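The chain itself is shown first.

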Amino acid sequence: MREIVLHDTLSGELMPLRPRDPGKLGIYACGPTVYSRIHIGNARPFVVFSLLKRFLQHEGYATTLVINVTDVNDKIYDAARPQGRPSAELAAEMTEHYRADTDGLRLGRPDHEPLASETIGPILDYIQTLIVSGHAYAVDGDVYFRVRSDPGYGTLSHRQLENMDQGEDAASDPLSARKEDPLDFALWKVHKPGEDTCWQAPWGAGRPGWHIECSAMAEQFLGVGFDIHGGGSDLVFPHHENEAAQTRAARGEALTKLWMHNGMIQFTGQKMAKSVGNIALLHEVLGDYGPEAVVMYLISGHYRQPLVFSEAALQQAQANVKRIREAGRRLSGGDSPAALEGLRDRFFDALARDFNTAEALSVLNEWIRQAGSAAAGSPGDAHLREMLAVLGLESLLAAAVQAPEQVRELAEQRDRAREQRDFTAADQLREEIGALGWEVRDGAGGFELIPL
């Protein structure tokens with residue numbers, strides 16, 4: 001096996017991957033809070049950790065991926081209330097949308113996708129352990145974690161205690177007076193008027209705080225001290241700092257061996273966020289550009305770096321997808337030339353060095369260039385298939401299927417309607433094409449018809 005090194009947020013260094021259990025790896029990544037449709041930024045960790053699993057499996061590891069869903073949260077209450085509908089109903093609907101939207105990436109599902117609402121029992125047990133050990137305290141139905149009881153607090157986010165703000169119960173909020181210390185964070189929140197879900201607990205009816213759910217769900221499926229905990233860099237503090245602290249306090253050991261964080265998607269220089277309103281919904285981006293181009297865009301930069309969202313970036317990803325697809329059509333099936341094995345190995349070496357998909361793509365493109373200039377006939381595509389499968393782009397080498405003449409005629413009519421800026425007619429023609437089992441995708445070189 002290659003030595004695989006990944007950047008560990010806790011140490012700030014590249015760390016060799018050393019499985020807790022020989023030949024096996026466990027990954028837990030924080031998923032979305034389901035109060036609305038997810039955006040392209042939410043898709044980045046889903047893609048990064050889904051593809052990391054593929055790479056680790058390629059390298060011979062039996063890999064388990066867990067991505068949770070937060071379906072109990074203040075944001076869900078706040079979104080459901082103006083709609084006059086139960087928060088649990090909204091959360092269930094948005095969870096189904098999340099699954100359908102990420103299915104559109106065609107990367108498969110995680111091995112486990114636990115819901116916070118279905119993990120209440122383990123959460124209650126976790127909180128009770130923290131109370132008994134003196135790391136948490138109950139007051140008027142709320143339960144808070146004593147931050148200063150954990151000497152390691154702040155080591156993950158590299159912050160000093162005096163520079164921390166949990167972002168909950170601001171000083172002007174009378175609830176903040178319940179805390180022994182402003183740094184303490186909520187493990188359990190007492191039921192309040194206007195909240196339509198709650199569960200019974202020894203300290204009062206209520207619902208879990210945000211951070212405790214992930215410690216409970218990760219441990220439920222992977223145990224303590226599993227291999228990789230992932231998520232967006234915006235979660236380092238307070239979410240992951242708090243996860244790490246409560247697990248150390250409750251279990252006496254680290255939650256995970258390595259913390260891995262992806263950079264944010266930036267929109268006009270700002271982090272993409274629903275609260276800001278600068279979002280591009282995943283299902284709409286998929287509809288406009290197709291799953292292969294979206295995945296290509298999301299892996300075009302190193303996972304730890306911010307990624308700028310723009311129409312130009314998506315169009316470039318479309319062009320890259322088209323180039324690979326066309327190159328694949330010029331190859332024959334079967335083994336690739338031995339002369340190209342070095343490039344295939346460099347591709348996987350790049351992924352082994354902190355999962356550098358940008359460098360891997362560069363090597364893949366060099367493989368295509370050299371295969372295209374091969375002197376003897378049409379080289380076999382085995383290497384290319386192997387590389388694309390790890391990137392979730394194996395569909396680019398699917399056998400070309402010619403669309404029926406009726407479908408092509410409709411697509412040409414739609415193309416003319418778009419040129420005349422008759423977008424209503426263009427949308428109607430797109431629906432007709434979809435009803436016939438085809439998807440039409442627009443690109444710089446014209447439209448493309450893809451069987452559904």
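## Basis and accessibility

In this report, a residue is buried when its relative accessible area is under 20%, exposed when it is over 50%, and partly exposed in between (1.4 Å probe, protein chains only). The model is predicted: local features need pLDDT of at least 70, side-chain atom pairs count only at pLDDT 80 or more, and totals for chains, interfaces and linings use all residues. Residues are numbered from 1 along each chain as its sequence is written, and side-chain values use heavy atoms, with hydrogens and water left out.

Arg421 is exposed, its relative accessible area being 63%. It sits in the loop between α13 (405-419) and α14 (423-435); helices (H or I, at least four residues) and strands (E, at least two) are DSSP runs numbered from the N terminus. Although not a glycine, Arg421 has a positive phi of about 60°.

Arg106 is another non-glycine residue with a positive phi of about 60°. Its loop runs between α3 (87-103) and α4 (120-132). With a relative accessible area of 42%, Arg106 is partly exposed. Not counting residues up to four places away in sequence, Arg106 touches Arg54, Pro291, Glu292, Glu439 and Arg441, where contact means heavy atoms within 4.5 Å. Gly328 is 222 residues from Arg106 in sequence, and their C-alpha atoms are 19 Å apart.

## Nonpolar cores

A nonpolar core is here a set of buried Ala, Val, Leu, Ile, Met, Phe, Trp, Tyr and Cys residues joined through side-chain atoms within 4.5 Å. The largest one has 81 residues, and Ile40, Leu56 and Leu105 have the most contacts inside it. Helix α1 (residues 40-58) gives the most to this core, contributing 10 residues. Apart from this core lies another, of 24 residues, including Phe145, Val147, Leu183 and Ile212. In soluble globular proteins, nonpolar side chains tend to be buried together.

Beyond its neighbours within four places in sequence, Leu56 is in contact with Ile4, Leu17, Leu25, Ile27, Tyr61, Thr63 and Ile228.

Leu286 belongs to helix α7 (residues 282-289) and is buried, at 9% relative accessible area. Ile40 is 246 residues away from Leu286 in sequence, yet the two C-alpha atoms are 9.2 Å apart. Leaving out residues up to four places away in sequence, Leu286 touches Asp101, Gly104, Leu105, Pro291, Val294 and Glu439.

Thr256 is placed in the loop between α6 and β10 (259-262), and counts as buried at 6% relative accessibility. When neighbours within four places are set aside, the contacts of Thr256 are Gly225, Phe226, Asp227, Ile228 and His229. Between the C-alpha atoms of Thr256 and Ile228 there are 6.1 Å, with 28 residues separating the two along the chain.

## Helix α12

His383, Leu384, Met387, Leu388 and Val390 are the buried residues of helix α12 (residues 382-390). They lie on the same side of α12, because they cover an arc of only 160° around the axis; the arc is that of the directions from the helix axis to the C-beta atoms. An α-helix has 3.6 residues a turn, so residues three or four places apart point the same way.

The buried residues of α12 pack against α1, α9 (311-329), α10 (341-352) and α11 (357-372). Just after α12, Gly392 has a positive phi of about 75°.

## Cavity

A cavity is a set of points, on a 1 Å grid over the protein atoms alone, where a 1.4 Å probe fits but cannot get out; lining residues have an atom within 4 Å of a point. Grid points are joined across faces, edges and corners, and a volume is the space filled by probe spheres set on the points. The structure holds one cavity of 30 Å³ or more, and the largest cavity has a volume of about 40 Å³.

The lining of the largest cavity is made up of Arg44, Val48, Leu298, Ile299, Gly301, Tyr303, Phe355 and Thr357. These divide into five nonpolar, two polar and one charged, with Ala, Val, Leu, Ile, Met, Phe, Trp, Tyr, Cys and Pro counted as nonpolar, Asp, Glu, Lys and Arg as charged, and the others, Gly among them, as polar.

## Cis peptide bond

Phe237 and Pro238 are joined by a cis peptide bond, with omega about 5°. Pro238 is part of helix α6 (residues 236-251).

Note on methods
1 Å grid on protein atoms, 1.4 Å probe; cavity = no way out; pocket = protein on both sides within 12 Å on 5 of 7 lines; lining within 4 Å.
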